[in-house]
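I kept these entries while going through the model, one topic at a time. Each entry says what I looked up and what I found.

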Amino acid sequence: IHFKKDEFVSIRIWDQGLRFTFEEAHSLQGVAFIRKEMFDEYHFSEQEPLDMNLNLTYILDSLMVFSGQPASLQICYKEIGGPLVFMLQDGSVVTDASIQTQEAEEPSDFGFPAEEVANEATIESSYLAALDCGEGAKGTMTIYFWAEGIRISTVTDHGSFEVDFPRSCFAQFDCHVEQAMSYGQQLFQPTLKAVPKAVHTCIRLSTAGILSV
């Protein structure tokens, strides 16, 4: 996602880990969850989860101090209302960045309960590379679920294409109803940036047409 300057992200800290939630125009919601098992050490002493908003530009700038080189990271939040501290260490070089927190804003509830999942399929992420239309592509992407698989078609200012994924491509395929829904390509495109990091990708459509990837 190409964040604008001074965008804010919602952060929840609790006994299971850290969750980062970002929204765009109440139409796209991205969630990243870092489980506590991913940390060498993880300590949380509060009884209830802690929620806050943080300037995302400051977070990204702090994490890029070593220009993407491997470094150890320590995250500290000592008191409610205080700053969130990022401490990065590369050998003998230590960088300490304190970012002031703001009162949390409740993320939008997109309403995607399990009983409203109309269709669901899991596919190897590498298959979805063909859907990348490039930076700045604007247009419409349509996902069509039917008994034999999924068809994804895109019409953008760069051109158009259509890809059929037969059900044999999927590790899991549950089509309960034939369904076709269209979405803005500019909203779906950021999702494709995360896909190469995964082994499998789960695609779900709700009865209301909400897309979850």
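Predicted model: local features only at pLDDT ≥ 70, side-chain atom pairs only at ≥ 80, totals over all residues.

**Entry 1, helix H1.** I began with the packing of H1, and found that its buried residues pack against strand S1 (8-14), strand S2 (17-24), strand S4 (50-55), strand S6 (84-90) and strand S7 (93-99). Contact here means heavy atoms within 4.5 Å, while helices (H or I, at least four residues) and strands (E, at least two) are DSSP runs numbered from the N terminus. The buried residues of helix H1 (residues 56-63) are Leu56, Thr57, Ile59 and Ser62; buried means under 20% relative accessible area, exposed over 50%, and partly exposed in between, with a 1.4 Å probe and protein chains only. At the start of H1, I noted a side-chain oxygen of Asn55 within 2.9 Å of the backbone nitrogen of Thr57. I took a polar contact as a pair of N or O atoms within 3.5 Å; within protein, one must be able to donate a hydrogen and the other to accept it, and residues adjacent in sequence count only if both atoms are side-chain atoms.

Residues are numbered from 1 along each chain as its sequence is written, and side-chain values use heavy atoms, with hydrogens and water left out.

I counted 2 helices and 15 strands in the protein chain, whose C-alpha trace spans about 55 × 35 × 30 Å along its principal axes. Buried residues make up 32% of the 213 residues. Among contacts between residues at least 6 apart in sequence, 60% join residues at least 24 apart.

S6 and S7 run antiparallel and are joined by 7 bridges; two strands pair if DSSP finds at least two bridges between them. They form a hairpin with 2 residues between them, and Gly91 in the turn has a positive phi of about 65 degrees. Leu84 stands opposite Ile99 in S7.

Leaving out residues up to four places away in sequence, Val85 touches Gln74, Ile75, Cys76, Asp96, Ala97 and Ser98.

I looked next at the loop between S7 and strand S8 (117-124), where Thr101 has its place. Thr101 is buried, with a relative accessible area of 10%, and a polar atom of its side chain lies 2.8 Å from the backbone oxygen of Gly82. Apart from neighbours within four places in sequence, the contacts of Thr101 include Met52, Asn53, Tyr77, Pro83 and Leu84.

I traced an open sheet of 4 strands in the order S12-S8-S14-S15, with antiparallel pairing; strand S12 (170-175) and strand S15 (211-212) are the edge strands, each pairing on one side only. Strand S14 (residues 200-206) is joined to S15 by 2 bridges, and Leu205 stands opposite Leu211 in S15.

My search of the whole structure gave 5 aromatic pairs. The ring centres of Tyr144 and Trp146 are 5.2 Å apart and their planes lie at 5 degrees, so this pair is stacked. Rings of Phe, Tyr and Trp (its six-membered ring) pair if their centres lie within 6.5 Å, with planes under 30 degrees apart counted as stacked, over 60 as edge-to-face and the rest as tilted. Ring pairs also link Phe145, Phe170 and Phe173 into a cluster.

Arg151 lies over the face of Trp146, at 5.3 Å from the ring centre; a charge sits over a ring if NZ of Lys or CZ of Arg is within 6 Å of the ring centre and within 35 degrees of the ring normal.

How many disulfides does the structure hold? I found 0 disulfides, a disulfide being a pair of cysteine sulfur atoms within 2.5 Å. The cysteine sulfur closest to that of Cys175 is in Cys202, at 14 Å, which is too far for a bond. Cys175 counts as partly exposed at 25% relative accessibility, and Cys202 counts as partly exposed at 27%.
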